[in-house]
Amino acid sequence: MSNHNGDAADDARRAWLWQLVREEAAAEGVAVGTRHLCVVATSVLGASAVIVYQVVDGVRSEPVAVSGPTADQVSEAEVTFGEGPAVDALRDEYPVLVADLRSGSAGERWPVFAPFALTHGVFSVSAYPVMMGAIVVGCLEVYRDVAGAATPGQIVDGLLLADAAMLLLLRAGPSGVGEDPFADAVEVRWATVHQATGVASVQLRSDLATAFVRLRAHAYRTGTRLADVAADVLAHRLMFHTDLDDEPDTESESEQG
């Protein structure tokens, strides 16, 4: 009986969360999308920032919706570093809940991501894998600007919102340009990363996954945003070689002129 009551409560909560997401979209007069889910998740989960990631090519993942500049910058860094709560949630297909990124265990687990996130005002993180049956298709990641464990109610809502994100990712269509300038800019940046990965794979005579690793490695080594590295590749200011010991060639401004 208790399990039945619990399922009924979850169903009611799921319906309420969906209604909130639909209301966000209706207020704009547009179709429901992942960014509307980010808005609802920010409010319901007491978050300072929310990100929805999608698995690409069955291997890579990238943010497809972010709630603001902090979410944009920190999530891009997490992809670049290849470490962090979302990375672990996607790999292990299990929620990752971090009450305090200042803890020694968090620093040992994510020696690059944890200090970076802290410098951007992120003190606690919850990451929920977005599952389609037994297949992980993305991740819902929640940043908070204060330390503290997620409450049981927030965890349940996080899981339910991750289910909602799955449905939105599977039926996602092209968003209307101009509906959200910030979201448009984020989409353009990740499209640039996609294109640069393809160019780098040709230069390296490698698969896309290997090329993406090289882009990330160059971004990390030089302290450059991944999107800026991608822009340099597309502008022919940066070229990769097959020899892993070689640094990528970078043209000077005088050579470009």
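The legends below describe close-up views of a predicted model.

Residues are numbered from 1 along each chain as its sequence is written, and side-chain values rest on heavy atoms, with hydrogens and water left out. Because the model is predicted, local features need pLDDT of at least 70 and side-chain atom pairs count only at pLDDT 80 or more, whereas totals for chains, interfaces and linings use all residues.

View 1. Five strands form an open sheet in the order β2-β1-β5-β4-β3, and the pairing is antiparallel; strands (E, at least two residues) and helices (H or I, at least four) are DSSP runs numbered from the N terminus, and two strands pair if DSSP finds at least two bridges between them. The edges are taken by β2 (60–66) and β3 (96–98), each with a single partner strand, so one side of each is left without a neighbour in the sheet. On average, and with direction ignored, neighbouring strands of this sheet are turned by 20° against each other; axes are lines fitted to C-alpha atoms, for helices over the stretch in contact, and angles run from 0 to 180 degrees between N-to-C directions.

**View 2. Strand β5 and its two partners.** Six antiparallel bridges join strand β1 (residues 49–56) to strand β5 (residues 135–144), and in β5 the bridge partner of Gln54 is Gly138, while that of Val52 is Leu140. Strand β4 (residues 124–132) also pairs with β5 in the antiparallel sense, over nine bridges, among them the one that gives Ala127 its partner Glu141. The strands β4 and β5 form a hairpin with two residues between them, and Gly133 in the turn has a positive phi of about 65°. Nine of the 10 residues of β5 are buried, where buried means under 20% relative accessible area, exposed means over 50% and partly exposed lies in between (1.4 Å probe, protein chains only).

**View 3. The surroundings of Val52.** Val52 is found in strand β1 and counts as buried at 0% relative accessibility. Leaving out residues up to four places away in sequence, Val52 touches Thr34, Leu37, Cys38, Glu62, Pro63, Val64, Ala65, Cys139, Leu140 and Leu169, a contact being heavy atoms within 4.5 Å. Val52 and Leu37 are 15 residues apart in sequence, and their C-alpha atoms are 8.7 Å apart in space.

View 4. The 13 residues of α3 should span 18 Å at 1.5 Å a residue, and its end C-alpha atoms are 18 Å apart, which agrees; the expected span is 1.5 Å times one less than the number of residues. Buried residues in α3 include Ala71, Val74, Ala77 and Val79, and the helix is followed by Gly82, whose phi is positive, near 70°.

View 5. A search of the whole structure finds two aromatic pairs, where rings of Phe, Tyr and Trp (its six-membered ring) pair if their centres lie within 6.5 Å, with planes under 30 degrees apart counted as stacked, over 60 as edge-to-face and the rest as tilted. The rings of Phe81 and Phe116 have their centres 5.5 Å apart and their planes at 80°, so the pair is edge-to-face. Phe81 lies in helix α3 (residues 69–81) and Phe116 in helix α6 (residues 113–119), so the pair ties together parts that are 35 residues apart in sequence. Phe81 is partly exposed, with a relative accessible area of 21%, and Phe116 is likewise partly exposed, at 23%. The rings of Phe81 and Tyr220 have their centres 5.8 Å apart and their planes at 75°, so this pair is edge-to-face. This second pair links distant parts of the chain, with Phe81 in helix α3 and Tyr220 in helix α9 (residues 208–222), 139 residues apart. Phe81, Phe116 and Tyr220 form one aromatic cluster.
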